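Student: I would like to work through this fold step by step. Can we go by question and answer?

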Amino acid sequence: MSILAVENLGKSYSGFQAVNGVSFALQAGEMLALIGPNGAGKSTCFNMIDGQLRPSTGRIRMFGHDVTDAPARAIWRLGVGRTFQIAATFGSMTVAENVQVALLSHHHGWYGWRWAARAYAREANNLLTLVGMANQAERSCGELAYGDVKRLELAIALANDPKLLLMDEPTAGMAPTERGALMALVSRIARERTIGVLFTEHDMDAVFGHADRILVLNRGVLIAEGAPAEIRSNSQVQEVYLGAGSLFGAAS
Ligand code: ADP
Ligand code: MG
């Protein structure tokens with residue numbers, strides 16, 4: 001059974017179709033990439049799927065529930081993790097505290113900041129170990145390197161024990177070597193925990209190296225769907241990417 005099914009999804013802004021008739025499904029444990037040039041509608045799709053933006057048309061189902069009109073918080077409660085194109089963490093708190101707050105939120109308990117400082121310390125440490133950040137647990141988030149913020153953001157998303165992870169450009173702003181490492185980490189965790197991942201990514205090595213399947217969006221419309229090898233040899237896809245640089249060249 002698919003954990004996410006999107007049918008005829010659309011979003012228009014006063015007549016302009018940002019997303020138009022998008023349909024696809026995501027299976028448990030699958031790494032599914034949504035790619036396309038800037039302005040193709042990728043972030044708009046993510047924002048509709050995670051409940052931040054109301055679709056103009058279509059239905060969204062998760063784990064068998066219709067969540068088309070559900071608010072972000074209800075979707076998060078179903079077991080959905082999300083990372084953003086621009087990382088969002090509490091800069092004034094330490095790395096460990098950021099993960100602890102996410103764990104607290106997942107377990108619905110909130111008894112004040114002082115209690116939060118002790119609660120879930122071990123679970124937070126386990127998650128930080130998983131993403132390779134345990135040695136930075138006591139640092140303030142505001143002083144982290146950008147790549148480390150992205151790894152922390154992944155730990156925060158995992159605190160919700162998600163079965164579905166939505167990642168909008170998880171490696172944006174990272175150095176090329178860090179990008180591959182982060183995507184390798186995500187795909188290893190996804191396989192170990194049977195998490196279905198929908199991600200968008202500019203770095204084509206990361207996409208073709210880690211996606212099981214790829215969706216290609218152009219001007220709001222899905223123009224191709226298939227295994228990496230099929231997408232690579234798809235002439236329509238190659239045409240779309242000619243203007244934005246080769247599919248296999250430097251990231252745009
Ligand atoms: P991508 O993430 O693929 O780069 P987006 O989903 O951010 O693309 O944007 C898709 C298109 O929708 C773009 O042309 C963008 O300018 C437009 N768009 C996005 N948000 C809004 C908005 N709030 N109002 C009007 N147009 C928007
Ligand atoms: Mg975007």
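Student: Among contacts in the chain between residues at least 6 apart in sequence, what percentage join residues at least 24 apart?
Tutor: Contact means heavy atoms within 4.5 Å. Take the pairs at least 6 apart in sequence, then pick those at least 24 apart. Their share is 65%.

Student: Where do these numbers come from?
Tutor: This is a predicted model, where local features need pLDDT of at least 70, side-chain atom pairs count only at pLDDT 80 or more, and totals for chains, interfaces and linings use all residues. Residues are numbered from 1 along each chain as its sequence is written, chains are lettered from A and ligands numbered from 1 in the order written, and side-chain values use heavy atoms, leaving out hydrogens and water.

Student: How many helices and strands does the chain have?
Tutor: Helices (H or I, at least four residues) and strands (E, at least two) are DSSP runs, numbered from the N terminus. Counted this way, the chain has ten helices and ten strands.

Student: Which strands stand at the edges of the open sheet of six strands?
Tutor: Strands pair if DSSP finds at least two bridges between them. The order is S6-S7-S8-S3-S9-S10, with mixed pairing. Each edge strand has a single partner, so one side of each lacks a neighbour in the sheet; these strands are S6 (80-83) and S10 (221-226).

Student: Do S9 and S10 run parallel or antiparallel?
Tutor: S9 and S10 form a hairpin with two residues between them. One bridge pair is Ile214 with Gly226 in S10. Five bridges join S9 to S10, and the two run antiparallel.

Student: Which residues of S9 point the other way from Arg213, Leu215 and Leu217?
Tutor: In a regular strand the side chains alternate between the two faces of the sheet. Buried means under 20% relative accessible area, exposed over 50%, partly exposed in between (1.4 Å probe, protein chains only). Six of the six residues of S9 (residues 213-218) are buried, so the strand is largely enclosed by the rest of the structure. Pointing the other way are Ile214, Val216 and Asn218.

Student: How far apart are the end C-alpha atoms of helix H3 (residues 95-106)?
Tutor: Nine of the twelve residues of H3 are buried, among them Val95 and Leu104. The expected span of a helix is 1.5 Å times one less than its number of residues. For twelve residues that should be 16 Å, which agrees with the model's distance of 17 Å.
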